[in-house]
There are 2 protein chains.
Amino acid sequence: MQTRSFMLDVLITHIRQKVDLTDPQAAALQSFFSLRKLRRKQYLLQEGEVCRTLAFVNSGLLKSYLLDDKGTERINLFAFEGWWISDFSSFLNAEKAVLNIDAVQDSELLLITLEDYERLTLEIPVMDRYFRLLYQNSLVTKDYRLIMHNNFTAEEKYLDLLQNQPEMAKKLSHSLIASYLGLSPETVSRIRKKITLR
Amino acid sequence: MQTRSFMLDVLITHIRQKVDLTDPQAAALQSFFSLRKLRRKQYLLQEGEVCRTLAFVNSGLLKSYLLDDKGTERINLFAFEGWWISDFSSFLNAEKAVLNIDAVQDSELLLITLEDYERLTLEIPVMDRYFRLLYQNSLVTKDYRLIMHNNFTAEEKYLDLLQNQPEMAKKLSHSLIASYLGLSPETVSRIRKKITLR
């Protein structure tokens with residue numbers, strides 16, 4: 001029990017950054033989640049399966065991605081500690097997932113099923129507010145990324161990442177960054193050289 | 001007063017499709033919104049301004065878009081009746097907007113300021129649930145569009161629109177559709193001819 005209640009600390013802290021969660025509510029969270037450990041490169045979800053859980057990253061790092069026709073990974077999201085990850089469309093609509101999700105590092109996840117996610121927001125209504133605030137930030141980020149994809153050159157995309165997501169630029173390999181930006185590793189290398197020469 | 005309470009019907013119906021709103025809560029909504037009419041081509045927001053309101057489309061049709069270096073409109077969103085529209089990042093963070101929003105048809109909007117949006121969710125907590133459900137659907141749509149942008153050919157994008165957003169394909173001009181898909185009008189014409197010839 002000691003381990004299990006410790007385990008929710010990251011989540012509770014994250015929730016309390018956005019909303020007021022009482023101690024009894026925090027204690028009640030435990031019944032909604034289960035723990036899952038993933039080793040590096042292990043899958044949480046594979047394309048074609050139904051995504052049965054929404055995952056909160058308690059520790060570690062995961063990525064969600066599409067595999068294109070050539071087998072190249074097109075990164076959708078990196079989820080660091082304190083982030084949520086899923087194939088949201090598959091999770092909400094019980095459809096086949098188009099995304100793959102795997103662990104970039106050894107990771108520990110808190111998983112919630114759709115049924116428990118709905119029960120959670122009904123039994124602890126402040127969680128509606130938490131998810132509303134979470135999704136509202138996520139929409140801003142996605143809008144920005146969509147705009148960036150449509151309008152930025154390869155070099156602008158890379159410089160934008162360095163400036164606005166320095167943590168990501170520091171923690172991830174060059175090939176993962178290239179995949180996230182929808183660029184080839186060669187293009188990223190070329191841009192890096194060009195920047196260094198300035 | 002007759003006109004004003006009629007005016008909220010579209011919004012109340014939309015909210016009640018997602019959550020239980022009591023009659024007193026529905027009546028209280030009135031104090032949070034103001035009415036704004038736009039003629040076709042009139043701006044709601046111009047790039048560089050701060051987006052002070054979130055807009056619900058009571059009737060009509062609006063579009064939000066970026067202007068690229070060449071002055072070409074890159075459509076971010078079409079908002080039909082019953083949709084919400086804003087430069088969300090600008091609205092939430094009081095930053096300068098990167099998007100322009102204008103009316104594609106004569107339109108009637110219900111506007112809410114950030115202060116009233118926050119007061120609304122605090123005073124009528126079920127609105128947190130409403131926006132949570134709204135944003136969750138919006139995230140699914142945006143994820144899909146981001147994936148589509150990264151992985152679909154021009155022809156696949158166009159066919160996907162015909163299949164999954166037939167209403168949009170029917171209501172919008174070819175040049176607006178091209179802009180929404182990030183394609184040139186010439187490319188869309190070429191695809192349409194090719195499809196017709198099959």
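Reply: Start with contact, which is counted when heavy atoms lie within 4.5 Å. Here 29 residues of chain B are in contact with 29 residues of chain A. This is a predicted model, in which local features need pLDDT of at least 70 and side-chain atom pairs count only at pLDDT 80 or more, while totals for chains, interfaces and linings use all residues. Residues are numbered from 1 along each chain as its sequence is written, chains are lettered from A in the order in which they are written, and side-chain values use heavy atoms, with hydrogens and water left out.

Me: How much area do chain B and chain A bury between them?

Reply: Buried area is the accessible area (1.4 Å probe) that two parts lose on being put together, summed over both. For chain B and chain A it is about 3,100 Å², 64% of it on carbon and sulfur atoms.

Me: What rotation superposes chain B on chain A?

Reply: Copies are superposed by least squares on the C-alpha atoms of residues with pLDDT of at least 70 in both. A rotation of 180° with 0.0 Å of shift along its axis places chain B on chain A, with an RMSD of 0.0 Å. That is the relation of a two-fold axis. In chain B, the residue that comes closest to the rotation axis is Arg132(B), at 2.1 Å (C-alpha). Of the interface residues of chain B, 100% are also interface residues in chain A, so the copies meet through the same surface.

Me: How many salt bridges are there between chain B and chain A?

Reply: A salt bridge is a side-chain nitrogen of Lys or Arg within 4 Å of a carboxyl oxygen of Asp or Glu. Between chain B and chain A the count is six. One of them joins the side chains of Arg132(B) and Asp128(A) at 2.9 Å, N to O. Helices are DSSP runs (H or I, at least four residues), numbered from the N terminus. The helix α6(B) gives the most to the side of chain B that touches chain A, with 17 residues.

Me: Is Arg132(B) buried or exposed?

Reply: Buried means under 20% relative accessible area, exposed over 50%, and partly exposed in between (1.4 Å probe, protein chains only). Arg132(B) is buried, with a relative accessible area of 1%, and Asp128(A) is buried at 3%. Another bridge, at 3.2 Å (N to O), pairs the side chains of Asp128(B) and Arg129(A). Asp128(B) and Arg129(A) are buried too.

Conventions. Helices (H or I, at least four residues) and strands (E, at least two) are DSSP runs, numbered from the N terminus.
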